[in-house]
Amino acid sequence: MKRILLACSSGMSTSLLVSKMKEVAKAGGIEAEIWAVAQDKAPTEMERADVLLIGPQMRFLKKKFATVAEKVGIPIDVIDPIAYGRVDGEAVLNKALELIGE
């Protein structure tokens, strides 16, 4: 089971992307828990995630989140703005799996 966490300013703008990612994972037979949270919840939620992807509008928080991610041992990256804008669940899921090492 892959645990993929997305963080954005309020947790709402990534909800459609989460839905698309879940659809792609299910169609591909990938067991994944995928959820989005607001930026203030991300540090505590990282403890139960395998990877953190940050919404492009929040890229300035990458360094702050990287400190926590290093402590809990998970990779972190910013979601590609084009994939984010197109709500490309497949591209974002593939990036998450790549970061996890799958």
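Helices (H or I, at least four residues) and strands (E, at least two) are taken as DSSP runs and numbered from the N terminus. The structure is a predicted model, in which local features need pLDDT of at least 70 and side-chain atom pairs count only at pLDDT 80 or more, whereas totals for chains, interfaces and linings use all residues. Residues are numbered from 1 along each chain as its sequence is written, and side-chain values use heavy atoms, with hydrogens and water left out.

Lys 2 belongs to strand β1. With neighbours within four places in sequence set aside, Lys 2 is in contact (heavy atoms within 4.5 Å) with Glu 31, Ala 32, Glu 33, Asp 50, Leu 97, Ile 100 and Glu 102. The C-alpha atoms of Lys 2 and Pro 43 are 18 Å apart, and the two residues are separated by 41 residues in sequence.

Strand β1 (residues 2-8) pairs with β2 in the parallel sense over seven bridges; two strands count as paired if DSSP finds at least two bridges between them. Within this pair, Ala 7 stands opposite Val 37 of β2. The open sheet consists of four strands in the order β2-β1-β3-β4, with parallel pairing. Its edge strands, β2 (32-38) and β4 (76-78), each pair on one side only. From one strand to the next the twist averages 20°. Axes are lines fitted to C-alpha atoms, for helices over the stretch in contact, and angles run from 0 to 180 degrees between N-to-C directions.

Helix α1 (residues 15-27) packs on the sheet and touches β1 and β2, its direction making about 175° with that of β2. Helix α3 (residues 62-72) lies across β1, β3 (51-54) and β4, and runs at about 160° to β4.

The loop between β1 and α1 contains Thr 14. Thr 14 has a relative accessible area of 0% and is therefore buried; buried means under 20% relative accessible area, exposed over 50%, and partly exposed in between (1.4 Å probe, protein chains only). Beyond its neighbours within four places in sequence, Thr 14 is in contact with Leu 6, Cys 8, Ala 36 and Tyr 84.

Met 21 lies in helix α1 and counts as buried, at 0% relative accessibility. Residues up to four places away in sequence not being counted, Met 21 touches Ile 4, Leu 6, Ile 34, Gly 89, Val 92 and Leu 93. The C-alpha atoms of Met 21 and Asn 94 are separated by 9.2 Å, although these residues are 73 residues apart along the chain.

A nonpolar core is a set of buried Ala, Val, Leu, Ile, Met, Phe, Trp, Tyr and Cys residues joined through side-chain atoms within 4.5 Å. The largest such core has 17 residues, and Ile 4, Leu 6 and Met 21 have the most contacts inside it. Two or more residues of this core come from each of β1, α1, β3, α4 and α5. A second, separate core of 15 residues includes Ala 7, Trp 35, Val 37 and Ala 49.

The buried residues of α5 are Gly 89, Val 92, Leu 93, Ala 96 and Leu 97. Seen down the axis of α5, these residues fall within an arc of 135°, so they line one face of the helix; the arc is that of the directions from the helix axis to the C-beta atoms. They pack against β1, α1, β2, β3 and α4 (81-85). Helix α5 is followed by Gly 101, whose phi is positive, near 105°.
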